[in-house]
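Please read them with the model open beside you.

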Amino acid sequence: MESLTMGKKLLKSVLVGLVGNDYCGTGCKEGPCFSKSPTGASVASIVSPQFFNGIINQAPADCAGKKFYTRQAFLTALDSFPDFGKLGSGVESKREIAAFFAHATHETEFFCHTEEQDKSDSHCDTTKPEFPCAPGKSYYGRGPLQLSWNYNYGKAGKALTLDLLKNPEMVANDPVVSFKGSLWYWMAAVRPVIGRGFGETIKAINGRVECGVPAAKDRAQHRIQFYTDYCKRFGVDPEPNLSC
């Protein structure tokens with residue numbers, strides 16, 4: 001038994017030396033793979049300066065988001081969500097990245113807006129007492145995916161260890177927090193359905209307003225156009241089920 005145990009330790013040591021901790025890290029009990037870390041494309045290489053700037057440069061010069069959103073802020077926020085853009089294959093990863101930026105482009109109009117233009121609705125849902133609205137605060141859309149409603153600010157804040165219920169403005173005042181809020185929503189609400197097609201991601205983000213509503217058909221189509229364009233830039237097929 002002792003020699004068998006020593007043999008396993010030696011095998012693990014050899015494998016770590018050959019392929020590194022990506023395959024032989026903590027969490028494994030035996031076998032050739034010692035880590036369940038996701039594999040996929042390098043997000044930073046896909047979201048290149050040329051790609052990011054190609055989007056934001058289309059926003060008017062006087063936009064608040066023009067000097068707010070940056071590629072570096074996105075990459076810094078990404079450190080808190082290491083699984084984003086890593087769906088197991090390079091193709092799937094690129095589709096996810098294309099989908100995220102398609103929605104962000106639509107929601108912010110090429111990263112022009114840091115917060116929702118219509119602020120008349122406070123987006124305070126009093127049926128969610130576990131996420132109490134702070135006095136005088138509003139939870140309208142902010143950030144790349146326009147994080148909305150007190151319960152989403154509450155959940156995102158808990159995940160990010162930030163009090164976004166009392167300080168929702170952080171999502172529009174701090175570019176890293178802004179991207180973190182949207183990445184949190186993406187991983188929590190959109191990632192679980194992305195395998196069913198882009199149309200399902202539209203439902204997850206704004207389905208109540210845009211899906212099955214004839215007057216809002218152009219909005220959904222707008223998202224689809226961005227998505228297919230970004231997929232083309234990344235050299236991947238967008239796959240079917242694009243519409244909701």
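1. The buried residues of helix 7 are covered by, among others, helix 8 (170-173) and helix 9 (175-190). Contact means heavy atoms within 4.5 Å. Helices (H or I, at least four residues) are DSSP runs numbered from the N terminus.

2. This is a predicted model, in which local features need pLDDT of at least 70, side-chain atom pairs count only at pLDDT 80 or more, and totals for chains, interfaces and linings use all residues. Residues are numbered from 1 along each chain as its sequence is written, and side-chain values use heavy atoms, with hydrogens and water left out.

3. Helix 7 spans residues 150-160, and because 8 of its 11 residues are buried, helix 7 is largely enclosed by the rest of the structure. Buried means under 20% relative accessible area (1.4 Å probe, protein chains only). The buried residues are Asn 150, Tyr 151, Asn 152, Tyr 153, Gly 154, Ala 156, Gly 157 and Leu 160. Just after helix 7, Thr 161 has a positive phi of about 55 degrees.

4. How do helix 6 and helix 11 pack? Helix 6 (residues 90-108) packs with helix 11 at an angle of about 140 degrees, and their axes are 8 Å apart. Axes are lines fitted to C-alpha atoms, for helices over the stretch in contact, and angles run from 0 to 180 degrees between N-to-C directions. The two helices are therefore oblique to each other. Angles under 35 degrees count as roughly parallel, over 145 as roughly antiparallel, 65 to 115 as roughly perpendicular and the rest as oblique.

5. The residues of the contact of helix 6 with helix 11 divide into 10 nonpolar, 4 polar and 5 charged. Here Ala, Val, Leu, Ile, Met, Phe, Trp, Tyr, Cys and Pro count as nonpolar, Asp, Glu, Lys and Arg as charged, and the others, Gly among them, as polar.

6. Glu 107 lies in helix 6. Its relative accessibility is 19%, so Glu 107 counts as buried. Leaving out residues up to four places away in sequence, Glu 107 touches Pro 144, Leu 145, Gln 146, Ile 205 and Arg 223.

7. Helix 10 (residues 198-210) and helix 11 (residues 217-234) pack at an angle of about 155 degrees, with axes 11 Å apart. That makes helix 10 roughly antiparallel to helix 11. On the helix 10 side, the residues that meet helix 11 include Ile 205, Asn 206 and Val 209; those they meet in helix 11 include Arg 223 and Tyr 227. The residues of this contact divide into 7 nonpolar, 1 polar and 3 charged.

Note on methods
Buried means under 20% relative accessible area, exposed over 50%, partly exposed in between (1.4 Å probe, protein chains only).
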